[in-house]
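Open the model in your viewer and keep the selection panel at hand. The stops below are meant to be taken in order.

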Amino acid sequence: MASVLFRNVEKTFGGTKVIHGISFDIADGEFTVLVGPSGCGKSTLLRMLAGLEEISGGTIAIDGQVVNDVESKDRDIAMVFQSYALYPHMTVADNMGFSLKLRKADAKLTADRVAHAAKILNLGPYLERFPRELSGGQRQRVAMGRAIVRDPKVFLFDEPLSNLDAKLRVAMRAEIKALHQRLKTTTVYVTHDQVEAMTMADRIVVMHDGRIEQIGTPLELYDRPNNLFVAQFIGSPAMNIVHGTLRRSADAAWVEAEGGARWPLPASVSASDGQAVAYGVRPGSLALGGGAAAVPAEVIVVEPTGAETELLVRVGATQIVVVMHGRTDTGPGETIALDVDQASVLVFDPATGAAIRT
Amino acid sequence: MSAWTLRKVSGEAKLLLIGIPVAIWTLLPIYHLVLFALSPREQAVSGKLWPDHPTLHNFSMVFHEQHHYLSHFWLQLWNSLLIAVAVGAITLFVATSAAFAISRLRVRGGRAIMNLALFTYFIPAAFLAVPMYKTMSSYGLLNSQWSLILAMVTIATPYSIWVLKQASDKLPLELDEAARIDGASPLQLFRLVYLPLMTPSLVAVGTYALLLAWNEYLYAFLLLSDDRSTTLGVALGSFLSADDSPWELLMATGLLYALPPAAIYYAFKRYMVSGLTAGAVKS
């Protein structure tokens with residue numbers, strides 16, 4: 001178990017800078033998720049921590065020791081790859097015990113550790129099988145078993161669930177989280193899937209174009225995104241963004257969108273009358289109603305999922321997604337009124353993307 | 001019978017129409033080889049489809065070295081075997097190490113060296129025979145079996161490296177990375193992960209080099225002139241130096257000489273096909 005420190009970490013591939021001076025800390029035992037769209041540098045950052053990519057600038061430290069010039073094998077880390085990377089010619093037990101074999105560990109100790117890991121992961125019946133005889137989920141568990149047997153300072157996961165089908169992904173997500181709660185090993189987990197990030201992380205690092213957009217707990221990112229990118233990246237369905245002009249009167253504020261719709265705001269918003277803004281409202285913060293400040297909308301599509309109903313509606317020129325609990329009998333073409341939960345509304349500067357305090 | 005099966009049958013018929021003549025064409029010389037080998041001396045060129053009194057006498061003469069052309073039969077067979085196995089083993093060692101370095105360790109300039117080695121195939125091996133003779137002579141290796149072994153390794157290696165490199169490239173790079181994180185040194189990676197996964201290609205390449213050396217005539221003839229050090233292939237060639245050559249003995253020896261390659265080929269056929277075509281198509 002160990003802390004991990006990134007200090008002004010940079011990566012250059014043949015003259016192209018892909019990581020631009022990243023700094024953040026991971027506390028001992030923390031489950032940190034690096035998330036971002038593909039090409040944002042999250043995997044590169046993880047591979048630099050693993051020692052699979054050289055660090056072009058800055059330092060990375062594990063457990064207080066700078067590891068820039070330390071070989072992968074001496075960093076005391078274990079990594080789970082997206083492709084599992086199991087040795088096809090070895091049995092499950094040999095795959096899991098390989099690292100200890102290389103360290104010339106006692107055979108008894110190796111067998112004990114493998115058996116222990118197999119018990120945690122329910123792999124007991126498969127120890128003598130070869131990877132090709134296992135399903136995708138079992139292979140992924142073997143890859144995790146290989147990491148557990150190491151008892152490393154840090155676990156690294158590189159998009160470990162991307163090759164699994166949707167149902168298995170949800171199951172494995174819970175397994176990995178349970179594993180972390182049990183072992184409490186510092187974990188760095190890379191994914192492009194914000195749902196994985198939200199459900200698993202203690203803290204999320206949102207990356208974009210080789211830079212950190214925001215670091216925080218899942219709910220911090222959800223409730224108080226620093227900028228438009230984070231606001232739209234975190235949360236599913238994504239936040240609705242309406243572009244318009246801020247208007248205020250003596251005791252009220254609203255955003256006037258193209259097409260004349262008026263989106264209500266708390267009067268405390270720190271922006272002046274006439275300022276161009278991007279108005280952000282999450283699909284769940286909208287409800288069917290008819291209050292004084294309700295926004296009229298035309299229903300385009302109704303998607304019932306049982307417990308919730310997702311509505312695609314048009315307000316002025318903008319399409320808006322609404323998620324409501326329960327069911328509705330409205331249909332396409334009908335006009336409804338949307339109540340806005342003003343406390344959860346966010347406003348951004350459309351030029352810089354930065355959040356404006358409300 | 002549906003149209004589909006009809007089409008399938010007619011397709012197979014067409015293949016047979018081509019295949020049968022090709023098979024006959026290929027087997028005809030071998031048939032004559034067998035015919036000669038089983039005929040008594042006086043009937044060897046009688047032109048019959050099958051000898052009146054087939055005999056194994058020719059083989060017995062070969063085994064007992066009862067002709068002056070065959071006075072070192074067993075020794076020369078042993079030489080052929082020794083040289084072929086040595087060429088196979090050394091080629092494998094060199095080519096596997098090179099392919100690992102080029103494909104997995106990504107040694108700088110590795111690809112350029114491989115292409116340079118392949119470039120040597122632009123010059124036919126026969127043209128290189130004399131320069132090779134001169135080189136071996138200046139190292140004092142003439143008449144030493146090492147000269148032939150080294151020459152054959154030189155000829156077999158570029159292609160072997162290329163085949164093995166193509167096969168190596170198909171192994172996922174994550175395996176190497178996982179092994180590195182697991183604590184493997186490059187040598188451990190080579191021994192514990194790379195070699196086991198490359199086995200089919202290794203068998204194919206080893207067999208290729210072995211058969212290349214076994215069947216070599218020109219270089220063996222040039223580099224090994226002593227009857228006691230040369231290969232059986234060269235000894236077979238010397239039958240042709242006389243006017244009244246014992247054809248039936250030449251054919252019997254030739255048949256024996258063809259058996260080990262055939263056995264090796266059938267034993268490793270499975271690997272040959274998958275190994276030599278590996279890398280040919282993008283999977």
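Predicted model: local features only at pLDDT ≥ 70, side-chain atom pairs only at ≥ 80, totals over all residues.

Residues are numbered from 1 along each chain as its sequence is written, and chains are lettered from A and ligands numbered from 1 in the order in which they are written.

Select chain A. Its C-alpha atoms fill a box of roughly 75 × 45 × 35 Å along the principal axes. Colour by secondary structure to see 8 helices and 21 strands (DSSP runs, H or I of at least four residues for helices, E of at least two for strands, numbered from the N terminus). Of its 358 residues, 41% are buried (20 or more other C-beta atoms within 10 Å of the residue's own, with C-beta atoms placed from the backbone).

Next, select residues 3-55 of chain B, which form domain 1, and then 68-277, domain 2; such bounds come from an automatic or database domain assignment. Their C-alpha centres lie 31 Å apart.

Finally, select A:Leu156, B:Val87 and B:Met152, which touch the most other members of the largest nonpolar core, a set of 163 residues. Such a core consists of buried Ala, Val, Leu, Ile, Met, Phe, Trp, Tyr and Cys residues joined through C-beta atoms within 7 Å. Helix α6 of chain B (residues 145-169) gives the most to this core, 14 residues. Leaving out residues up to four places away in sequence, B:Met152 touches B:Val87, B:Leu212, B:Ala213, B:Glu216 and B:Tyr219.

Terms used: Buried ≥ 20, exposed ≤ 12 C-beta atoms within 10 Å, placed from the backbone. Contact = placed C-beta atoms within 7 Å.
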